[in-house]
Amino acid sequence: MRVKYVLNEVLVGLWRNVTMTIAMVITMSVSLFMLGASVLLYMQVDQMKDYYYGNIQVSVFLTDDVTEAQKAAIDQAIEGSNLVIDKQYESKEAALERFKKLWADSPDFVNAINADSLPESYRVKLNDPEKYDQFAQVIEKLPGIRQIIDQRELLEKVFEIFNAIQLGALGVAIFMAFAALLLVGNTIQVAAYSKRREVAVMKLVGASNWFIQAPFVLEAVVAGIVGAVLGFIILFAGKLVMLDNKLQALTTILTPIPNGNVWLMLPLLAGVGSLVSAVTAWITLRFYLKV
């Protein structure tokens with residue numbers, strides 16, 4: 001009987017303050033969507049680091065006037081280094097073919113480049129990318145080398161951008177979460193004020209604190225869960241529509257986001273939404289109803 005009464009009061013309370021309930025749900029869904037997006041981005045950045053740093057290479061570019069003897073010496077030095085686990089030589093012609101594939105969408109730019117414009121190079125993979133300095137100190141002294149580029153430096157700049165986006169999404173999520181908390185608190189206050197006489201009667205007849213607070217707390221929990229579900233739907237739809245469709249070309253740069261990771265966000269968002277809403281409602285009631 002008590003459970004039925006509490007559930008009925010929850011439904012009545014949500015409907016009685018329907019506009020504030022809708023505002024609370026929308027704000028909660030946006031904040032939880034941003035939270036889910038930032039968590040997914042965090043997981044994705046870690047996955048991309050494992051992938052790219054595991055395949056990182058050092059590019060050794062040769063001068064245009066490099067001789068066969070110098071190339072042989074460079075090749076022998078790279079081959080003999082105990083830091084190297086793999087190397088690939090790339091001729092001017094091979095470099096041009098790779099350049100054409102990378103810039104296939106810009107034919108005018110491609111036509112302006114010929115094989116002589118691109119240097120010969122070696123693509124070297126180290127057993128430990130952190131030991132790049134040791135490798136470079138030995139190789140750069142050899143004649144015939146124009147430049148040595150560590151891809152790790154380029155990747156670190158890219159990941160700095162991703163980390164900034166991640167922090168930005170988390171900051172927006174925190175800001176929206178604060179707005180959601182204020183809305184939850186105000187909605188509970190309005191609901192409690194509209195039922196102040198019923199609450200007073202309950203106190204007089206000896207109703208327990210949890211029995212008085214339960215309908216209000218459950219109202220907030222229901223709104224939090226609904227907001228979490230909506231936030232998850234937006235997140236999942238965004239992944240399907242944007243990353244898997246509109247921005248599919250970026251999969252050559254961004255590692256794909258597994259659907260399993262996205263589904264993990266549903267219990268996370270529901271748990272965070274319901275817990276935060278319940279705690280906020282309970283604290284509000286402690287101050288407002290003095291129970």
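**A colleague's note on this predicted model**

1. To start with the overall picture: 38% of the protein's 291 residues count as buried. Keep in mind that this is a predicted model. The protein exposes about 16800 Å², and carbon and sulfur atoms supply 64% of that area.

2. Here is how the chain is laid out. There are ten helices and four strands in the protein, and along the sequence they follow the pattern α-α-β-α-β-α-α-β-α-β-α-α-α-α. If you take the contacts between residues at least 6 apart in sequence, 86% join residues at least 24 apart.

3. Next, the UniProt record. Its entry, which is unreviewed, lists residues 20-43, 167-192, 212-241 and 262-285 under "transmembrane region". What does the model show over residues 20-43? That stretch is 100% helix and 0% strand, with its end C-alpha atoms 34 Å apart. Residues 262-285 are likewise 100% helix and 0% strand, and there the end C-alpha atoms are 35 Å apart.

4. Which residues of α3 are buried? They are Lys-71, Ile-74 and Ile-78. Looking down the axis of α3, you find these buried residues within an arc of 65°, so they line one face of the helix. The cover over them includes the strands β1, β2, β3 (121-126) and β4, along with helix α6 (132-139). On the other side of α3, the exposed residues are Ala-69, Gln-76, Glu-79 and Gly-80.

5. Now for the charged pairs. How many salt bridges does a search of the whole structure find? It finds seven. One of them is between the side chains of Asp-64 and Arg-146, at 3.2 Å from N to O. Arg-146 counts as partly exposed because its relative accessibility is 45%, which falls between the 20% cut-off for buried and the 50% cut-off for exposed. Asp-64 and Arg-146 are also linked with Lys-92 in a network of salt bridges.

6. Helix α3 turns up again here, through Asp-75. The side chains of Asp-75 and Lys-87 meet in a salt bridge of 2.9 Å, N to O. Asp-75 lies in α3 and Lys-87 in strand β2 (residues 84-90), so this pair ties together parts that are twelve residues apart in sequence. Is Asp-75 buried, partly exposed or exposed? Its relative accessible area is 24%, so Asp-75 is partly exposed. Lys-87 is partly exposed too, at 23%.

7. Finally, Lys-87 has another partner. Lys-87 forms a salt bridge with Glu-79, and their closest N and O atoms are 3.6 Å apart. Glu-79 is one of the exposed residues on the other side of α3, and its relative accessible area is 55%.

How values were computed:
Residues numbered from 1 in each chain as written. Predicted model: local features only at pLDDT ≥ 70, side-chain atom pairs only at ≥ 80, totals over all residues. Heavy atoms only, no water. UniProt positions renumbered as here; feature names shortened; annotations may be inferred. Helix = DSSP H or I, 4+ residues; strand = E, 2+ residues; numbered from the N terminus. Salt bridge = Lys/Arg side-chain N within 4 Å of Asp/Glu carboxyl O. Buried < 20%, exposed > 50% of the residue type's maximum accessible area, 1.4 Å probe, protein only. Arc of directions from axis to C-beta. Contact = heavy atoms within 4.5 Å. Areas by Shrake-Rupley, 256 points an atom, 1.4 Å probe, with all protein chains shown as cover.
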